[in-house]
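Please keep the sequence and the structure in view while reading.

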Amino acid sequence: MSTWTSDGPAARRMVRRAFVLGVCLSLAGCVIAPQTRSQSDVVQQVALYDGEVVVSGPPGYCIDGAHIRRGASGAFVPMASCESLTGTPGVPVQAALMTVSVLPRTGAPAQRPTAQEIAASMAPIEALDVIDGPDLSMVRFAMGGGQLLPGGDPRYWRGGMVINGHLLGLSVYGPAGSSLAGADGRRLLSDLAQALQAGSPDLVLVSASESATSEPPSQTPDAAPEPSNDTGADTSSTDPDTEPRPTGLRSLLSGLFRNSG
């Protein structure tokens with residue numbers, strides 16, 4: 001593996017890390033095939049990082065709990081149709097394998113990678129479609145799908161998004177010749193992203209609500225202020241938490257790259 005020295009290549013390496021995380025954490029090789037599991041191994045959702053990210057799929061799709069992987073570098077959650085995992089007829093949906101990879105939250109604010117950055121991270125694989133949505137970046141790749149899903153179409157979709165400061169890599173694979181290799185795969189990827197957003201808490205709103213309920217009573221209007229011994233010195237807070245923090249994808253990537261080995 002070559003050494004990455006500039007911000008651009010480092011960013012591509014980090015984005016790629018989010019998508020190959022599943023391969024790194026899946027110790028049973030690089031092939032995952034949806035098959036019937038015991039009922040205890042099939043779950044509707046799984047909470048990661050103290051509930052900061054709650055993974056669930058669109059209606060009709062369940063999580064294969066037997067292949068969930070958690071490690072210091074992140075978490076990997078595969079899902080397929082509930083019917084294929086349980087053997088019990090249910091909501092009719094297309095046969096598909098979806099994966100969600102979640103990286104740990106860092107001190108720097110996470111920013112969603114662009115579709116071009118995702119495409120560059122998988123070079124030299126050809127990107128057939130490059131799409132940036134409001135909350136999800138999507139790329140359709142020309143090859144590689146059959147390496148993870150036996151009998152899968154080589155074309156597949158990947159996406160990138162951020163939830164509560166965690167970078168998420170999403171993937172959708174379908175059988176050979178499936179419409180999931182085209183527009184239907186894009187729609188399913190979007191549905192997966194919406195399910196992730198709907199199931200995960202909004203930590204910004206939660207924090208604001210907790211702050212509002214914990215504020216001390218306001219001072220009564222007729223309360224006289226204490227005498228001041230102001231000497232003219234600057235008494236503004238120097239709490240590091242109030243200092244401006246670096247923002248942007250580069251600062252996030254540099255922190256992850258530094259620890260990625």
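The expected span of a helix is 1.5 Å times one less than its number of residues. Helix H5, residues 183-199, has 17 residues and should therefore span 24 Å. In this predicted model, the end C-alpha atoms of H5 are 25 Å apart, which agrees with the expectation.

The secondary structure of the chain comprises seven helices and 11 strands. Of the contacts between residues at least 6 apart in sequence, 60% join residues at least 24 apart. The chain exposes about 13,800 Å², and carbon and sulfur atoms supply 53% of that area.

Which residues of H5 are buried? They are Gly185, Leu188, Leu189, Leu192, Ala193, Ala195 and Leu196. Viewed down the axis of H5, these buried residues fall within an arc of 160 degrees, so they line one face of the helix.

Leucine 196 is in contact with Val54, Val55, Ser56, Val100, Met161, Ile163, Leu168 and Leu170, leaving aside its neighbours within four places in sequence.

Valine 55 is placed in E3 and is buried, with a relative accessible area of 0%. Beyond its neighbours within four places in sequence, valine 55 is in contact with Gln44, Gln45, Val46, Leu48, Ile63, Val77, Met79, Val100 and Leu196. The C-alpha atoms of valine 55 and glutamine 45 are separated by 5.4 Å, although the two residues are 10 residues apart along the chain. Serine 56 is also found in E3. Buried means under 20% relative accessible area, and serine 56, at 12%, is therefore buried. Not counting residues up to four places away in sequence, serine 56 touches Gln44, Gln45, Ile63, Met79, Leu192, Ala195 and Leu196.

How many disulfides does a search of the whole structure find? The search finds one disulfide. It is formed by cysteine 62 and cysteine 82, whose sulfur atoms are 2.0 Å apart. The pair links distant parts of the chain, with cysteine 62 in strand E4 (residues 61-64) and cysteine 82 in helix H2 (residues 82-86), 20 residues apart. The torsion about the S-S bond is about 90 degrees, so the disulfide is right-handed. Cysteine 62 is buried, at 3% relative accessible area, and cysteine 82 also counts as buried, at 16%.

Glycine 174 lies in the loop between E11 and H5. At 4% relative accessibility, glycine 174 counts as buried. With residues up to four places away in sequence left out, glycine 174 touches Ala95, Leu149, Gly152, Asp153 and Leu180. Its C-alpha atom is separated by 8.8 Å from that of proline 154, which is 20 residues away along the chain.

The last topic is backbone geometry. Most residues other than glycine have a negative phi, and most peptide bonds are trans. Asparagine 164, in the loop between E10 and E11, has a positive phi of about 50 degrees although it is not a glycine. Asparagine 164 is buried, with a relative accessible area of 18%. Tyrosine 49, in the loop between E2 and E3, likewise has a positive phi, near 50 degrees. At 25% relative accessibility, tyrosine 49 counts as partly exposed. A cis peptide bond joins alanine 123 and proline 124, with omega about 15 degrees. Proline 124 lies in the loop between helix H3 (115-121) and strand E8 (127-132).

How values were computed:
Residues are numbered from 1 along each chain as its sequence is written. This is a predicted model: local features need pLDDT of at least 70, side-chain atom pairs count only at pLDDT 80 or more; totals for chains, interfaces and linings use all residues. Side-chain values use heavy atoms; hydrogens and water are left out. A disulfide is a pair of cysteine sulfur atoms within 2.5 Å. Helices (H or I, at least four residues) and strands (E, at least two) are DSSP runs, numbered from the N terminus. Buried means under 20% relative accessible area, exposed over 50%, partly exposed in between (1.4 Å probe, protein chains only). Contact means heavy atoms within 4.5 Å. Accessible areas come from the Shrake-Rupley method with a 1.4 Å probe; for residues, only the protein chains shown count as cover. The arc is that of the directions from the helix axis to the C-beta atoms.
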